[in-house]
Amino acid sequence: MSSDERLSYRRRKIGQALRRYREERNLTQEAAGRLVERSPASLSAYENGHRAIRPRDLRQILDHYGVGDEGERARLLELAVQGRKEGWWRDFHLSQEPVIVDVASLEEDASRIRSLETMAIPGLLQTESYTRAVFSSYSDVRDTKRDKDALAFRMARQRILKSPSPPQVTWILAEAVAHMLVGGAEVMKEQFRKILMGANAGRFELRVLPFSAGAHPGMDGSFSIIDVGTEDPMKVVCVHSLTRSWLIDEPPRIDRYEWAYEELSSLALSKTDSQILLKEIASTL
């Protein structure tokens, strides 16, 4: 599988935009092909996300379609540039779920990541021992075809927190997660040390959603909001379940997740109080 075939999310977003602009101008693919000097098959491949597009070709098509919105042009061209990059994740495209590999590539280009975690320590913060314990806890229902390199892939994703230009990362962690003895006391002690060291170093912000918050808008489960790019960033929500992961990019749905995250932020403990609570829980192990 080529690198162009792996970064499907960016291709889909560009393709959706190209289809929308073509249809707004009442052009068939045949007529649009004559206008932009491309075959209808090529345009179809772009619009369906089956082929990556070079920034130069994208710019030419946008010119022919008369797309003058500089913000929209810059956003699409940035996606095209990102989509042609060769990243570390290329080594995992055969052994990991395609959507998760896509998420890793989006994280690399993210300016901000906001996540709610209700059942486990965030994957980007897990120690190897914690991850092994998580994987082993549901080994009987895991997709064994995706087990190869799963631990290495999760650890590799964590490099964004130490990159020269890391994204602004914020986690809201349900208090129940801190009380769960995943892998036993020693594993949890090591996990608490890693979290507290990273938070103290300013690599991320972690706030605890206490039991006292009661009912809250995150009770349906964990999610992450990823802002990709810096100028007018593309926003995408990532949701995981037992059998699949998926990306949500419809603006009205993203608005709901952003509203929920703001509500959760208002209910969570401060950074300082969150660290105090985590230290107290760790001291009982």
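Author: The second largest cavity holds about 40 Å³ of space. A cavity here is a set of points, on a 1 Å grid over the protein atoms alone, where a 1.4 Å probe fits but cannot get out. Grid points are joined across faces, edges and corners, and the volume is the space filled by probe spheres set on the points. The model is predicted: local features need pLDDT of at least 70, side-chain atom pairs count only at pLDDT 80 or more, and totals for chains, interfaces and linings use all residues. Residues are numbered from 1 along each chain as its sequence is written, and side-chain values use heavy atoms, with hydrogens and water left out.

The structure has 4 cavities of 30 Å³ or more. Lining residues have an atom within 4 Å of a point. For the second largest cavity they are R75, E78, L79, Q82, V228, G229, E231, D232, P233 and M234. Helix 6 gives the most, with 4 residues. Helices (H or I, at least four residues) and strands (E, at least two) are DSSP runs, numbered from the N terminus. By class, this lining has 4 nonpolar, 2 polar and 4 charged residues. Ala, Val, Leu, Ile, Met, Phe, Trp, Tyr, Cys and Pro count as nonpolar; Asp, Glu, Lys and Arg as charged; the others, Gly among them, as polar.

R75 lines this cavity. R75 also lies among the residues nearest the centre of the second largest pocket, with K13, K235, D249 and P251. A pocket is an open set with protein on both sides within 12 Å along at least five of seven lines. Its volume is about 240 Å³. The pocket has 14 lining residues: 6 nonpolar, 1 polar and 7 charged.

Two strands pair if DSSP finds at least two bridges between them. Strand 1 (residues 110-117) and strand 4 (residues 223-228) pair in the antiparallel sense over 6 bridges.
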